[in-house]
Amino acid sequence: MSKIERIEFDTRIHHAVKHNGVAYLTGQVGTPGGSAKTQTIEIIDKIEKLLAQVGSDKTKILSAILWLDDLRHFDEVNEVWDSWLSKAHAPARSTGQARMTQPGMLVEIIITAATD
């Protein structure tokens with residue numbers, strides 16, 4: 001069996017788990033109260049740091065799930081997303097609307113990426 005590597009334990013979760021050349025990142029969120037754009041920029045920074053820790057980068061993202069507290073933020077989030085990732089490395093992606101765990105939290109992004 002391949003080794004399972006767990007990274008950045010926090011309360012009850014690890015922020016990333018790596019197994020068989022794939023990294024699974026837990027949902028990353030920004031600081032509540034900022035705009036959707038500001039939160040998305042903060043989230044992307046967290047994602048890049050976690051990807052580096054698992055030996056990956058944004059060009060190896062396989063799939064992304066974005067949760068927005070309100071789909072009216074869709075264009076604002078996409079503005080940041082589109083400036084971050086080139087079309088050549090765009091992953092499979094889904095976006096949905098969901099109630100967030102804290103008031104003022106507008107965006108959550110979940111990433112799966114290759115590490116090989």
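**A dialogue on a predicted model**

Biologist: In which helix does Asp75 lie?
Modeller: The structure is a predicted model. Its helix spanning residues 74-84 includes Asp75. The name of that helix is α2.

Biologist: Is Asp75 buried or exposed?
Modeller: The relative accessible area of Asp75 is 61%. A residue counts as exposed when this value is over 50%. Asp75 is therefore exposed.

Biologist: What separates the C-alpha atoms of Asp75 and Asp45?
Modeller: Along the chain, Asp75 and Asp45 are 30 residues apart.

Biologist: How many helices and strands does the protein have, and in which pattern do they follow one another?
Modeller: The protein has two helices and six strands. Read along the sequence, they give the pattern β-β-β-α-β-α-β-β.

Biologist: In which sense do strands β1 and β2 pair, and which residue of β2 is the bridge partner of Glu5?
Modeller: Strand β1 covers residues 4-10 and strand β2 covers residues 13-19. Over six bridges, the two strands pair in the antiparallel sense. In β2, the bridge partner of Glu5 is Lys18.

Biologist: Which residue in the turn between β1 and β2 has a positive phi?
Modeller: The strands β1 and β2 form a hairpin, with two residues between them. A positive phi of about 65° is found in this turn, at Thr11.

Biologist: How much space lies in the largest pocket, and which residues lie nearest its centre?
Modeller: The space in the largest pocket is about 270 Å³. Its lining has 15 residues. Those nearest the centre are Ile13, His15, Gly27, Val29 and Glu108.

Biologist: Which element gives the largest share of the lining of the largest pocket?
Modeller: Two elements, β2 and β3 (22-29), each give two or more residues to this lining. The largest share is four residues, and the element that gives it is β3.

Biologist: What is the radius of gyration of the protein, and why does it agree with a compact globule?
Modeller: The protein has 116 residues, and a compact globule of that length would have a radius of gyration near 13 Å. The value for the protein agrees with this because it is 14 Å.

Biologist: What percentage of the residues in the protein is buried?
Modeller: A residue counts as buried when its relative accessible area is under 20%. Of the 116 residues in the protein, the buried ones make up 38%.

Key
Residues are numbered from 1 along each chain as its sequence is written. This is a predicted model: local features need pLDDT of at least 70, side-chain atom pairs count only at pLDDT 80 or more; totals for chains, interfaces and linings use all residues. Side-chain values use heavy atoms; hydrogens and water are left out. Buried means under 20% relative accessible area, exposed over 50%, partly exposed in between (1.4 Å probe, protein chains only). Two strands pair if DSSP finds at least two bridges between them. On a 1 Å grid over the protein atoms alone, a cavity is a set of points where a 1.4 Å probe fits but cannot get out, and a pocket is an open set with protein on both sides within 12 Å along at least five of seven lines; lining residues have an atom within 4 Å of a point. Grid points are joined across faces, edges and corners, and a volume is the space filled by probe spheres set on the points. The radius of gyration is taken over C-alpha atoms; the globule rule is 2.2 Å times the number of residues to the power 0.38.
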